[in-house]
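Here are my notes on this one, point by point. Have the viewer open while you go through them.

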Amino acid sequence: MRVTVWNENRHERRAGTRPAELYPEGIHGAIAAGLRAHLGADVEVTTATMEQPEHGLPVEVVESTDVMLWWGHEDHPGVDDAVVDRVHHAVLGGMGLIVLHSGHYSKIFRRLMGTTCSLRWRNDGEREVVWTVAPRHPIAQGIPDPLVIGEQEMYGEFFDIPVPEELIFLSAFSGGEVFRSGATWTRGAGRVFYFSPGDQEYPVYHHPDIQRVLANGVRWAAPSGRGLPLDATHQPRDWFTD
């Protein structure tokens, strides 16, 4: 299974900041390390970041990816539309996509959802308790119920997303808010999983249970086969007519 972890990679590159201290190898590095630890030889994990040519996502990378994880925060508008088109067509063709935390405002997630994907937030380092509301779902396997995160940015309702096909996790914060923190959809032949815990100011992606959620998510989102390939001009081919 081939997995690509995409990260905006802005915060962690600023020397002397908390994100740089928490994630010296970048958020993408921490996520990739967790996937390798939990999935072992079952996966080939590579990373890509925004500052690379084509944001590290040229056609050959996207076409060879079975599951992509997406983390972005402060420069969603800066993501090239051609790259978004490429990832969008790959999802419709069967690639799995896991959107993380503030990636809810990414171009790719908003396009796939067809809504604003807006929410309420407050960053006071509050305790987050993640409750499993679909205990038999594959993504929830082996995850403690509840999963407790000592410090985290608060995300709260209303979260402007389509009604999830499956709601797996529901979070409660010490300030009283609740949030649909783990949900899935299908788009075309692809599976989409949104999981909110994981702000750059807190060591959430080093948490072993968070790493297990993401590993489970990769297994769940992996396609049984790939379709809708891109041709040499980076345009989608219609798998019904070609």
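1. A contact here means heavy atoms within 4.5 Å. On that basis, W121 touches E153, M154 and Y155, leaving aside residues up to four places away in sequence.

2. Before going on, the ground rules: this is a predicted model, where local features need pLDDT of at least 70, side-chain atom pairs count only at pLDDT 80 or more, and totals for chains, interfaces and linings use all residues. Numbering runs from 1 along each chain as its sequence is written, and side-chain values use heavy atoms, with hydrogens and water left out.

3. Back to W121, which sits in strand β5 (residues 120-132); strands are DSSP E runs of at least two residues, helices are H or I runs of at least four, and both are numbered from the N terminus. Is W121 buried or exposed? W121 is exposed, at a relative accessible area of 58% (exposed is over 50%, buried is under 20%, partly exposed is in between; 1.4 Å probe, protein chains only). From W185, 64 residues away along the chain, W121 is separated by 23 Å between C-alpha atoms.

4. Now the overall fold. The protein chain has six helices and nine strands. Its radius of gyration is 17 Å, close to the 18 Å from the globule rule for 242 residues, so the chain is as compact as a globular protein of that length (C-alpha atoms only; the rule is 2.2 Å times the number of residues to the power 0.38). Along the principal axes, the C-alpha atoms fill a box of roughly 55 × 40 × 35 Å.

5. Of the 242 residues, 54% are buried. Taking contacts between residues at least 6 apart in sequence, 70% join residues at least 24 apart.
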